[in-house]
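Visitor: I have a structure open and would like to learn how to read it. Could you take me through a few of its features?

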Amino acid sequence: MRVFDWVVLALTIGFIVAYGLWKSRKVATVSGYLLADRSLPWYTVALSIMATQASAITFISTTGQAYADGMRFIQFYFGLPLAMIIVGAFFVPRFRNANVYTAYEYLEKRFDAKTRALVSLIFLIQRGLAVGMVLYAPAVVLTVILGWNDSVTTILMGVIVTLYTVFGGIRAVAWTDFQQMIIMLVGLGAALFIAIYKLPEGVGLQEALELAGTAGKLNAVTTNFDWFDRYNLFSGVIGGMFLALAYFGCDQSQVQRYLTGKDIAQSRMSLLFNAVAKIPMQFFILLTGAMVWVFYIFTAPPVTFHSGKLPALTGTVIERQHQAAIEERRSAATELLAKRNEAARARYLKAHQQVDAVHKEATKGFNDTNYVFLNFVTQHLPVGFVGLVIAVIFGAAMSVSSGEINSLATVTMIDVYKRFLNPSGNEQSYLWFTRLATVFWGCYAVVSAQLARNLGSLVEAVNLLGSLFYGGLLGVFLLAFFFPRVKGTAAFLGVLAGEAVIFYVHYTGAVGFLWYNVIGCAVVVAAGLLLSIFDRSEAY
Amino acid sequence: MQTQENERAPFLGSWSRLYAVVIVYLVVVIALFAWFANSFKI
């Protein structure tokens, strides 16, 4: 990075944080700190929700995933609009009318304290681990760019994010998200434009898409059903819907966002905006990854994008094989664009497979996916844009980490401290405890980030972790909303049964992880209904 | 637990119509992506 990039990075991050803190300078109550006094307009809530999902992982790992595996990951989001409709229609009015701070608070009103405590605990464990992963993602950036130790980086990032969340609460989180989302879209557009602009003469967008499409990189819809295939149309629509339903309906980091809306209509509009905007946004992120792949057909990529592993491979046989395969692919691609016949196509596909095979051999034992986009940004973007894209990645990491830390602190305060430890405290003591809990979860995030180092593709790791727990959470909320005869004990045992089955299925590796949400949810609902037969006390 | 009266949708007159538009949008997007996946091949 050059000096001007550092200036752009510092100004962008500084402006975002300062703006968020300025907008939240008058926060003095628990309601203001946790729910922004339920006063935010729908467009702020909508962009805040989008920013919470668009983590640094989204930019680092999703683009790398498109580079390695094509665009089929987009199918993961096909169920999201359906989930947004269900959450808007059924979840939002119930949470709003119950006048709760957390989704789990609602469960005590509907079931009992033990069900609320169990689900709160599940959330705290799951989100606590996930927040470490999203904190680790930008550490990858600094490790590559500055050569800093990633442990030092996660600690530094964790301290900055925690301080800003402690002072600003949800209002600061939401307003910084709003700014971050706009900058993210600008940075993403710049990266996509430059990837296409830097292609050689005679290779425009049409030719780039043809080269990517012929190699199977534009596989945005795959209709072959396979239980073990993580991303196809069916797992995306059904499994993705259940995951999104659980995420938006039961995860406090999301519920808390739309509870900040002025009324039910504002909360619903923020969700429907996501239903419409999320898929195109992910499409362009994946397309950027696919275009970066085309860029590296004509500009020789390193044998590995992981700069720390590069010295060990330099001058080796595998590097020479890689260079030869890259040269053959570039030549085959040029020939294919010129001749457009079957022989040229066959040569191009063979060369593509050869590059993949050599790259796979060179990167055996470590994950290269998360470094692809960073290498492209730092090596090939013009001065100023590098700082902007790095700011986007930092902004994304900050928005997700701060939101998750804030939601973890909220559940700790509302569902644990206020409910079980100090029900008769005053406003100021609750506010201070929330800030203390924010500090605790910030530290926890830093520690758990150290575990994220060897998890492979971070975006998949986060979604896998969520899928281990979300099915159980969704099941208990469906029992609460749609089965009035089911009571607390049946719901409590249903959640335990659902989690036991999900972990067993994961242990056996029987199906792809997107199906965990469907299976877990179904088990919780079935077990809850079955157990309620034996419970003869008065129905809810 | 009873929910209060829902607030009116800001567009199209009702929430049901808004939800229907989102579903139609999803179908169109998937169809466009399927076209996209198969249109750029040599």
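Visitor: Is Gln252(A) buried or exposed?

Guide: The model is a predicted one, in which local features need pLDDT of at least 70 and side-chain atom pairs count only at pLDDT 80 or more, while totals for chains, interfaces and linings use all residues. Residues are numbered from 1 along each chain as its sequence is written, chains are lettered from A and ligands numbered from 1 in the order in which they are written, and side-chain values use heavy atoms, with hydrogens and water left out. A residue is called buried under 20% relative accessible area, exposed over 50%, and partly exposed in between, using a 1.4 Å probe and protein chains only. Gln252(A) counts as buried because its relative accessibility is 0%.

Visitor: Which residues is Gln252(A) in contact with, leaving aside its neighbours within four places in sequence?

Guide: Contact means heavy atoms within 4.5 Å. With those neighbours left aside, the contacts of Gln252(A) include Tyr101(A), Thr102(A), Phe123(A) and Ser407(A). The side chain of Gln252(A) also reaches the backbone oxygen of Tyr101(A) at 3.0 Å.

Visitor: Where is Ala244(A) found?

Guide: Helices are DSSP runs of H or I with at least four residues, numbered from the N terminus. Ala244(A) is found in helix H10 of chain A, and this residue is buried, with a relative accessible area of 8%. Leaving aside neighbours within four places in sequence, Ala244(A) is in contact with Leu80(A), Ala83(A) and Gly249(A).

Visitor: How is the size of an interface given, and what area is buried between chain A and chain B?

Guide: The size of an interface is often given as the accessible area lost when the parts come together. Buried area is what two parts lose in this way with a 1.4 Å probe, summed over both. Between chain A and chain B about 3,000 Å² is buried, and carbon and sulfur atoms give 76% of that area. The contact takes 42 residues from chain A and 24 residues from chain B.

Visitor: How many salt bridges does the rule find across the interface of chain A and chain B?

Guide: A salt bridge is a side-chain nitrogen of Lys or Arg within 4 Å of a carboxyl oxygen of Asp or Glu, and across this interface the rule finds zero of them. Several helices of chain A, including helix H5 (80-98) and helix H10 (233-250), each supply at least two residues of the side that touches chain B. H12(A) gives the most to that side, with eleven residues.

Methods: Polar contact = N/O pair within 3.5 Å; in protein donor to acceptor, adjacent residues only side chain to side chain.
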